[in-house]
Amino acid sequence: MGFFPKNIEYYQLAVRHRSKPIRTEDGTMLNNERLEFLGDAVLNSVVSDILYHSHSNEQEGFLTNARSRIVKRETLNQLCSEIKLDKLIVATKHLNLNKERNFNIKGNTLEALIGAIYLDYGYQPCKKFVKNKLFPLLEQLKPILDANDNPKSQIIEWCQKYHLQFDFILIDETVGANNQHNFISQLEIEKTTISRGNGASKKESQQNASLAALKRIQEEPDFLTQIQNQISD
């Protein structure tokens, strides 16, 4: 990482999947999900910060799209493997990280690591780690980033182009066999429900909701007119 941890326990927890939690003396079961939550927010902030200062002539749409493509799950999964963080993940033996349904565990762990760095050292070291250790690896992942395969970023750009307000709302989360999560997200444009999507993570459900919305835009010639008419009404 380019530095020595001050509190190693943060990092030990960051690589611990929910399938193999630590039990504390008071019976609390600990895993990396809280650190993942924190790391997700910090990573978005750090990437926004870096892009803002490194692309001073670009507009909001470009910056939003670039950030979305960097922090999307597929990219984080690949970065986790590139820095060999996946080799440190603590999970049950039957959990195969190379199976498609488990791919996101890698990206989640990377986010948890960002959360651990933030708790251990603060914002600036997080930014330095992302800029110096992760951003150079993005060149190796350029084919992934260059592929315009991010439905959510396309929806964001579309809404910004026509000055439309949008929101992704998590409407359901269930846990099935083997502790597999299923999220359902709803896309609203100008407070009107446009589509829904489900997935193994909140981000995946948002991507699928966006994909469904893009399909409507392509198949319904008057889709934009309908949205704009609702605003005027």
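Me: Starting with Phe166, what does its relative accessibility make it count as?
Reply: Phe166 counts as partly exposed, at 30% relative accessibility, where buried means under 20% relative accessible area, exposed over 50%, and partly exposed in between, with a 1.4 Å probe and protein chains only. This is a predicted model, in which local features need pLDDT of at least 70 and side-chain atom pairs count only at pLDDT 80 or more, while totals for chains, interfaces and linings use all residues. Residues are numbered from 1 along each chain as its sequence is written, and side-chain values use heavy atoms, with hydrogens and water left out.

Me: OK, aromatics then. How many aromatic pairs does a search of the whole structure find?
Reply: The search finds 4 aromatic pairs, where rings of Phe, Tyr and Trp (its six-membered ring) pair if their centres lie within 6.5 Å, and planes under 30 degrees apart count as stacked, over 60 as edge-to-face and the rest as tilted. One of them is the edge-to-face pair of Phe3 and Tyr121, with 5.1 Å from centre to centre and 70° between the planes.

Me: And which parts does that pair tie together?
Reply: Phe3 lies in the segment before helix H1 (8-14) and Tyr121 in helix H5 (residues 104-121), so the pair ties together parts that are 118 residues apart in sequence; helices (H or I, at least four residues) and strands (E, at least two) are DSSP runs, numbered from the N terminus. Phe3 is partly exposed at 23% relative accessible area, and Tyr121 is also partly exposed, at 33%.

Me: Back to Phe166, why is its pair with Phe168 edge-to-face?
Reply: The ring centres of Phe166 and Phe168 are 6.4 Å apart and the planes stand at 75°, so the pair is edge-to-face. Phe168 is buried, with a relative accessible area of 14%. Separately, Trp158, Tyr162 and Phe223 form one aromatic cluster.

Me: Which charged end sits over the ring of Phe168?
Reply: That of Lys152, 5.0 Å from the ring centre, where a charge sits over a ring if NZ of Lys or CZ of Arg is within 6 Å of the ring centre and within 35 degrees of the ring normal. The charged end of Lys6 sits over the ring of Tyr121, 4.7 Å from its centre.

Me: Which residues are buried in helix H8?
Reply: In H8 (residues 151-161) the buried residues are Pro151, Ser153, Ile155, Ile156, Trp158 and Cys159. After H8 comes His163, with a positive phi near 60°.

Me: What does Ser68 touch?
Reply: Setting aside residues up to four places away in sequence, Ser68 touches Asn150, Ser153 and Ile156, a contact being heavy atoms within 4.5 Å. Ser68 is found in helix H3 (residues 60-71) and is buried, at 13% relative accessible area.

Me: Switching topic, what does the domain assignment give?
Reply: It gives domain 1 (8-147) and domain 2 (151-231), with bounds that come from an automatic or database domain assignment. Their centres, taken over C-alpha atoms, are separated by 24 Å, and 17 residues of domain 1 are in contact with 12 residues of domain 2.

Me: How much area is buried between domain 1 and domain 2?
Reply: About 1,100 Å² is buried between domain 1 and domain 2, of which carbon and sulfur atoms give 37%; buried area is the accessible area (1.4 Å probe) that two parts lose on being put together, summed over both.

Me: And how many salt bridges across the interface of domain 1 and domain 2?
Reply: The rule finds 2 salt bridges across it, each a side-chain nitrogen of Lys or Arg within 4 Å of a carboxyl oxygen of Asp or Glu.
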